[in-house]
Structures are given as C-alpha cells and as structure tokens.
Amino acid sequence: MSEAILATRGLSRRFGGLMAVNDVAIELTRGRLHAVLGPNGAGKTTLINLLSGELAASNGSIHYKGEDITRLSPDRRSRIGIGRSFQKTNIFPAFTAFENCRLAAQSREPRVASIASDAAAYPPVREAALRALDAAGLSARAEVVASALSHGEQRQLEIAMVLATAPDVLLLDEPLAGMGAEEAARMVLLLKKITPDHALLLVEHDMDAVFAVADRITVMVNGQVLESGSPEQIRASPAVRQAYLGDSG
Amino acid sequence: MDVYSFLIQLLNGLQYGLLLFLVASGLTLIFGIMGIINLAHGSFYMIGAYMAFSLSSLTGSLFLAVVIGIVLSVILGIVLEWALFSHLYNRDHLEQVLLTYGLILVFEELRSLIVGNDVHGVTVPALFNWSIPLTDTLSYPVYRLFMSAVCIALAFLLWLLIAKTRLGMMIRAGASNREMVASLGLNINLVYRLVFALGVALAAFAGMIAAPVSSVYPGMGTSVLIICFVVVVIGGIGSIWGALVASLLIGLADTFGKVLIPEAAGVTVYLLMAIILLWRPEGLFRRV
Amino acid sequence: MNRRKIALLAVLALLALFPFAGATFYTELVTKVMILAIFALSLDLLVGYTGLVSFGHAAYYGIGAYVLGLMTPKYEAASLWLTLPAAIAVAGLAALAVGIFVVRVKGIYFIMVTLAFAQMFYFLFHDTEIGRGSDGISMNFKPTAEIGGVTPFDLGNATHVYFFVFVILILVFLFLHILLRSPFGRALQGIRSNEHRMRSLGFPVYRYKLASFAIAGALAGLAGYLSAMQFGFVNPELLSWHQSGNVLLMLILGGQGSLIGAVTGAFAFVALQEVYQSVTTHWQLLLGATIIALVIFLPGGLASVAGRFKRKLIGGPENE
C-alpha cells in the first residue's frame, strides 16, 4: 500500500473574516486520482492555490515526500515536482503549442549557462515537449500558434504543459471547463492514462467525469470537508446528497 | 538639537509632507480610478507655481492669483482629459508613459516660451508675512503654518469625498472598470473628467501655495514628480491613506535627513524607498 | 537565402560604405546614431523581450560614459582595452545593484522606481564632486587602442571610430540574437508573455529578470562609453530622464520586441531630432507633440506602418 506523497493537516486560509478554506486534511497517493467536489464558493480553487503555493496558508501545514513545504514559493514547489494546471487557460498565446511545452520542459533543465545554443534544438527538452504534446493528443497541432487553437485544444495544451514538467503530483483545476462532450471524453481518457504514474488532485464540476476517474472523492462545502471517501460512499451519502448533489444525485 | 530647533524641523517636515500629499493624492487618484500613470503630473505643480508668480505679479494679490489659478487648472484638467487622456484608457503602460513624457516636453517648452527659464520668488501675502517667536533667536513663519492648515483642510475634504460620497465609494473600491462605474448610475465620462480635473487642481494648488516658500524654478516639476513616485511606491498605489502616511514619512525623513546629514541631502528619500522595496514591495498599504 | 537576409546584408553594405561617400559631419552623425542604436538594443532586451518597461535606463548609459571620463588621465590617453571593459562592468554592476531592489515590483511601480533610481544617480553626478559636478568632465585625449606596442586604429580619426562602432554594433546585435534564442533568452520571452505561468512552471522568475536587467545595463554602459569616446566629454545630462525617455521613444518608433526595430528606431529618432533642431530652438516642443500624436494615432508606432511596408518589400513575419 503506497503512502501519501502529498498530505495536508489542518490547512486553513482566511480572507479578513471569511474562512475560505477551513481545517482541511487531504492526501494524495501515487497512482490514485483524488477528486474534490463542491458547490461554487466551497473553497476548491483556494485549496489548489494553497497547495501550489500561490496563496500562503493562514494555518496548518502541507507535507510533500515527508518534508514540510508550507512556506515554499510556487516556483520552488514546481521544481520539486508539484505541477498545477489552471481553470482559466493560462498559456503563452503567441508561442506555438510546441514552444509552450518546450518552455515548460525547459524549466526542468534550464541550462542557463549555455547561452550560445539554440534552445529549440536541445534534444532532451525537445523530446520531453513532444512526449507531452503526444500524451495530450496535440502532436498534429504542435506548430500551431497557441492563440489559434480551439478552446478544447487549449485546455489540452494546458495539461500538456504541466505534463512536460514531469511532475510527481498534478493539481488539476477544472480541466474540462468549457469542453464539449467529445473533448471531455478525450480528457477523461487522458486522465486515466496518466493516473498510474502520478498522484492527481482533480477539481471538477463534471459529475460523470469525476465518477469515471476518481479513486477517492472529497466533498467540500463552505471551505470545510463535508465528507471524504470512495466514490460509492460519496454517492450513497445522505449528507452529500443534501448539501451538494441535490435532486440530480 | 534643542527643543525649539527640533520643533521647527518637525513643523517643516510635516508641512513638506502635507504638501507632498496634495500632489501625490492627485497622482494616486488618477491611477486608482482611471488606471493611467501620468508622468506629467509634476508639470501641473510647476504650472501652478508659475501661475502664482505671473498672476500675483499681474493682480498684486496672491489670494486672487490662487483663485484664478484654481479655475484655470480645473479647465486645463478638463481639456487635457478630453483631448488626450481619454485615449489612454486601456492602453499599455509603455504608451501611457510615452504620451505623458511627450506632454512634459510640451509643458516645459511652453513654459519656456511664455514665461522663460528664470527662477522667481513670490512674496508671502502680508496677512501671513510674520513669524511666531519661539525663543530670542528662533521663530516660526506663520505662512508655513497656514500652508499646513490648508493642506489638512483639503485632506479632510478629500476624506469626506472618499468616505461619504458615491464617487468616493467607487474610488475606495479601486474601480478602474468602466462598466462597474456605469452600473453605479454615474456618467462615466463625466466622472473621469472630474477626477482628472481634481487631480490637476490639487497638484497646481500645491504648487501655488508652495511658491512663496520654495520659489519658482524650471526643474520643480520633475523634482516633485520623483518624490511623488516614491510616496506612491511606499504608500501603495490607489491608496489615499497610504499616500498620506507615506508623504508625512518622507516629509519628516527628508527634512531631518537634510539637517542631520547635510552631505547626503536628498538621499534619505531613496533610502526609504529601497528599504520598502526590500521589505514590503507592494507598499505599506496594499490594495488587494 | 531569403529576402530578409538579403535586405539586411544590403543595409550592412550601405553602412560599411557610407564613410567613403560623405563628409566627416555625416560620418560622425551616423556614428552617433549607431551608438544610440546600441543603447536602444540594450533597452529592447529589457522592454521588448523581458517585458520590463524601465524609465531609468539612461543611468547605466551615463555611468558607462563617466567611467571613461573618470579613468582618463589629464595629460595622457587612457587605454581602450582597460577602460571599455571597465565601463561595461561598472554599468552592469550598478544595474545589478539597482535591479535587486526594482525587480521586486512590476508594472507601474517598476516604471516609477527605475525612474527614481536613475534620478538618484543623476543627482549623484550633478550635485556631488564624484563626477566633478554639473559641468561634467572634459577629456583631453581620446582613448588609445595601443596594445603590445601596436596601435591598430586611431580613435581620433572619425572614419576609424565609425568602423569601430560599426563592428561593435554588429557584435552587440549578434550577441543579443544568440542570447534570445538560447534557453535563457526563451525564458525571458516567456516571462514577458506570461510571468505568472512561468513561475507556476518552476522558473525562478526574479533571477531571470535580474539577469536581464544587469545585462541590459552593461550594454547601455557600453553605448555610453562609446558616446563619451566620440564626443570627448561627459556631463550629468547623459543620465537625465530626457535620455531615458528618448531611448524608450526609439523603441516605439522602431517597434519593440525586434532587434532590427531598435536600430531603426534609433535612426528615426535622430532623424526627427535633426529636423526639429534645424527648425527651432524649442524643438522639444515639436518632439513632445510628435510623441503625443504618435501614441494617439499610431499606437503600433512607426513599426506598424513600417511593418506593413517591410512585409510588402521583403516578406516574412513581423517578429524576429
């Protein structure tokens, strides 16, 4: 049984009088996809921001591979293997899809000292980028400028960029946002494909997708954990049904 | 330094800080509401001072000059906003910087053409042209106290505007968003025009009342602009309260710095800025 | 070879042949423009490629110039091979020192603090005896290029100076071209495009910006040195905000984010300046009005006009 690679204890974040995230304990394990559900305002994106380091915690701690990373900056966390994708597509619009991924992969091997060589030619980084594009299904569109990609393709690029950084942990913030049925299905397949090699946290609204891929689900309401368990447990839980799933549950 | 010398420097520092606040509040207001960085803001201060000089020479009364000057600066502000600054909303910083830089050049040359490049003095109005004696040898000029009083009064009026009006509510919300302003039932073009005119008038007025004390010289616009930038960096942009605290801080630090270490005159301000940049880069009063 | 490269080579050939065609006055004028082009290139690294709009770049230009002024003895020539590297190093270090503070902030703040620090340097040279005050320093001798007993060229000769500067311009251009397609340069452009994402991807953005700031400062110091060498005197106005504003203007004129644009902008700026100065002593009024008109009516700068013209002429995309 594998142990948690990323774990939080009593994680909280306050904004003035509001506890956006309140005493959350969550664990991510390699090979498992842990989904976080909750209505709008439940604190899901805040949670991801806390885990990725964009927001500082007001209370509690985050441990990664046994070390306390609560105070680490976002770029440090990324370098130690915590990758994050964004709900609002956050790419480099003027660069090609390939360059987007190449730059992401370069973060692992900056080689700042080699200022004389053409970055695009360096094989290890180049190949990592191509692999990431391939995993996300964008190989055919590698040379297209990112702003010219369709919305769904941009969401795929969003994931490809994180994959190119070869992370151990993936924090995915609504990767299916704005996708049509076919694109969403492709994304679900992608998630299933990458889960065995990573520890995933998935924040999503798309119920079908979540139940299709999640190994564990945590439901948040008003910043707190309402319930946490296997998909079956969550589906059956009356508290969850009342608070969130409602009639469509 | 004995008590009275200290008191004098303290009053000087506060007066300088309050004057700075008038100018800086205009700068931070314009940026907070309209999202425009205006390099030419210092020029309004300079224009105010030169207006005080020319108009008081013409009319023989500084009071009259100030009143006319305020009217003229409001008009100037409205015209500038309508003709130039309205093009700058939603433009990137580089373009704003360049246009306002061009404006500085225009103002400086126009001043050179109209009034020349000489340094001028402006006499303190007779009403205030006396000093309060502190000791046998030391006294404090009443005009400076008057300046501080006026600045405090204006600061209070500004507070009323910000805290008690709808316009002020919008300013506090840091709304540089046209739709949001329009949804509050305010005519957006009018609001922007008035805010801009207010900023210009504040800076020009500061220049006018400062003229008897600091004299009127070509480089005064740039000097005050740089210091205002430091005020805004320290106080946080868009924050009137931050501008007040930072202005007073700088006023005091600069005054005492010049007295205690004359060789390093002027460097205290930069030192303060450097410290803030290291310690709290978003400014002391960050707007979320 | 594509049409762009041909056009570039044609321009280079023109520049190389120029001194033989015109009077010394024009040779010196084009030399001055090429020096400003180096200055503009240095700022373009910062503004056009890293996305950091600095309004205080003249500080490092002036510092490079003052290094020569201060290192030149009264009664003999200084060595080019000693003073030139010194100017680059000192300017770069000054930029590094300032960068440590200013790179912590962004956007409007960055513009303001870069201007503030530049003014600090200006007052340092203007009000204190470090740079001999507001009168500046006059150099009685141009630096000598003597090395190992041989003097390969004479910096007192306008044509030699022209080619010396020409070669340096080409070297700086090549240096930046190579730098920008290296991993470091790509990261800078990533920062300009989306700094937030760069940080999220694991790049230590602060360090990259700081490095860019320092390199840009060093190159500006090189340009300042050449300027001091050409004119034989330095004064605090080299560090004034006018100078900082003018070099930004060059980028807008030529189109930021393009090395060729920076060079073109320098030529356009000097052309404008020469024309206006011949019309009136209050030429800054005309310049100011032109800048205002440019921003309002031609937001893409001359580059947008030039870009369309260029594309028709030589084809190729708008970016480098």
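Visitor: What makes the unit formed by β8(A), helix α6 (residues 181-194) of chain A and β9(A) a right-handed β-α-β unit?

Guide: A crossover is called right-handed if, with the strands pointing away from the viewer, the path from the first strand over the helix to the second runs clockwise, and the unit made by β8(A), helix α6 and β9(A) is of this right-handed kind. This is a predicted model, in which local features need pLDDT of at least 70 and side-chain atom pairs count only at pLDDT 80 or more, while totals for chains, interfaces and linings use all residues. Residues are numbered from 1 along each chain as its sequence is written, with chains lettered from A and ligands numbered from 1 in the order in which they are written.

Visitor: How do you know that strand β9 of chain A is largely enclosed by the rest of the structure?

Guide: A residue is buried if 20 or more other C-beta atoms, placed from the backbone, lie within 10 Å of its own, exposed if 12 or fewer do, and partly exposed in between. Five of the five residues of strand β9 (residues 199-203) of chain A are buried, and therefore the strand is largely enclosed. Ala199(A), Leu201(A) and Val203(A) point one way, Leu200(A) and Leu202(A) point the other way, and all are buried.

Visitor: What joins strand β8 (residues 169-173) of chain A to β9(A)?

Guide: Two strands pair if DSSP finds at least two bridges between them, and here five bridges join β8(A) to β9(A), the two running parallel. Leu170(A) has Leu200(A) as its bridge partner in β9(A), and Leu172(A) stands opposite Leu202(A). Strand β4 (residues 33-37) of chain A also runs parallel to β9(A) and is joined to it by four bridges, with Leu33(A) opposite Leu200(A).

Visitor: What is the order of the strands in the open sheet of chain A, and which are called the edge strands?

Guide: The sheet is open and has six strands with mixed pairing, in the order β7-β8-β9-β4-β10-β11. The edge strands are β7 (82-85) and β11 (224-229) of chain A, each of which pairs on one side only. Neighbouring strands of this sheet are turned by 15 degrees against each other on average, direction ignored. Helix α1 (residues 44-52) of chain A packs on the sheet, touching β4, β7, β8, β9 and β10 (216-221), and its direction makes about 150 degrees with that of β8(A). Such angles run from 0 to 180 degrees between N-to-C directions, with axes fitted to C-alpha atoms, for helices over the stretch in contact.

Visitor: How do you know that chain B is as compact as a globular protein of its length?

Guide: The radius of gyration is taken over C-alpha atoms, and the globule rule is 2.2 Å times the number of residues to the power 0.38. For chain B the radius is 19 Å, close to the 19 Å that the rule gives for 288 residues, so the chain is as compact as a globular protein of that length. Its C-alpha atoms fill a box of roughly 60 × 50 × 35 Å, taken along the principal axes, and buried residues make up 47% of the 288 residues. Chain B has 11 helices and two strands; helices (H or I, at least four residues) and strands (E, at least two) are DSSP runs, numbered from the N terminus.

Visitor: What makes up the contact between chain C and chain B?

Guide: Two residues are in contact if their C-beta atoms, placed from the backbone, lie within 7 Å, and 33 residues of chain C are in contact with 34 residues of chain B. On the side of chain C, the largest share, 11 residues, comes from α5(C). That side has 26 nonpolar, six polar and one charged residues, where Ala, Val, Leu, Ile, Met, Phe, Trp, Tyr, Cys and Pro count as nonpolar, Asp, Glu, Lys and Arg as charged, and the others, Gly among them, as polar.

Visitor: Is Gly265(C) buried or exposed?

Guide: Gly265(C) has 31 other C-beta atoms within 10 Å, and therefore counts as buried. Gly265(C) lies in helix α10 (residues 259-279) of chain C and, leaving aside neighbours within four places in sequence, is in contact with Ala40(C), Met250(C), Leu251(C), Leu253(C) and Gly254(C).
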